Amino acid sequence: MADLKKLAEEIVGLTLLEAQELKTILKDEYDIEPAAGGAVMMAGPAGGDAGGAAEEQTEFDVILKSAGASKINVIKEVRGITGLGLKEAKELVEAGGKAVKEGVDKAEADEIKEKLEAAGAEVELK
């Protein structure tokens, strides 16, 4: 039992980046898909070190910097991600520097970024 408790403490103590890496390892090597946005990744440190380290960012904005050469593909992806109509998605893509999605968790922000970059867009996470 002591080993399981130690393992649990190590998992809870993971940073967001380490938790994402663990998720990738579990998926790629063991074909295990962790639950989306799992409680382990969102759990804070268990200690009373209030002033120690700065808090990690938990919400991100996905900013479309530029549509690139494949504007039509980017518009299609924006429509799929946001549920906007064709006109609204086109305006968002052409405006540049606008948020496609705001206040999303790291995993969802990375997924949206990958989709838009695959369509040819230049994307930034804030």
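A charge sits over a ring if NZ of Lys or CZ of Arg is within 6 Å of the ring centre and within 35 degrees of the ring normal. With that in hand, I looked up Lys106, and its charged end sits over the ring of Phe60, 5.1 Å from the ring centre.

A note on ground rules before I go on. This is a predicted model, where local features need pLDDT of at least 70 and side-chain atom pairs count only at pLDDT 80 or more, while totals for chains, interfaces and linings use all residues. Residues are numbered from 1 along each chain as its sequence is written, and side-chain values use heavy atoms, with hydrogens and water left out.

**Aromatic pairs**

I looked for aromatic pairs and found zero in the structure. To pair, rings of Phe, Tyr and Trp (its six-membered ring) need centres within 6.5 Å; planes under 30 degrees apart count as stacked, over 60 as edge-to-face and the rest as tilted.

**The core**

Next I turned to the inside. A nonpolar core is a set of buried Ala, Val, Leu, Ile, Met, Phe, Trp, Tyr and Cys residues joined through side-chain atoms within 4.5 Å. Buried means under 20% relative accessible area, exposed means over 50%, and partly exposed lies in between (1.4 Å probe, protein chains only).

Which residues touch the most other members of the largest nonpolar core? I found Val62, Leu64, Val74, Val78, Val93 and Leu116, out of 19 residues in that core. The elements giving it two or more residues are β1 (60-66), α4 (71-82), α5 (86-95), β2 (98-104) and α6 (106-118). Helix α4 gives the largest share, four residues. Here helices (H or I, at least four residues) and strands (E, at least two) are DSSP runs, numbered from the N terminus.

I also checked Ile81, which has its place in helix α4. Is Ile81 buried or exposed? Ile81 is buried, because its relative accessible area is 14%.

**Salt bridges**

I then counted salt bridges (a side-chain nitrogen of Lys or Arg within 4 Å of a carboxyl oxygen of Asp or Glu). The structure holds eight.

- Glu9 bridges to Lys5, with the closest N and O atoms 3.9 Å apart. Both lie in helix α1 (residues 2-12), four residues apart, about one turn of the helix. Glu9 is exposed at 52%, and Lys5 is exposed at 55%.
- Lys115 bridges to Glu111, with the closest N and O atoms 3.6 Å apart. The two are about one helical turn apart because they are four residues apart in helix α6. Lys115 is partly exposed at 37%, and Glu111 is partly exposed at 43%.
- Within it, Lys90 and Glu94 meet at 3.1 Å, N to O, and both lie in helix α5, four residues apart.

**A patch on the surface**

Last, I looked at the outside. Ile25, Tyr30 and Ile32 form a nonpolar patch on the surface, with about 290 Å² of accessible area together. Patches are made of residues with over 30% relative accessible area and no salt bridge; like charges are joined within 9 Å, nonpolar side chains (Val, Leu, Ile, Met, Phe, Trp, Tyr) within 5 Å. Accessible areas come from the Shrake-Rupley method with a 1.4 Å probe, and for residues only the protein chains shown count as cover.

Where is Ile32 found? I found Ile32 in the loop between α2 (16-30) and α3 (39-42). Ile32 counts as partly exposed because its relative accessibility is 43%.
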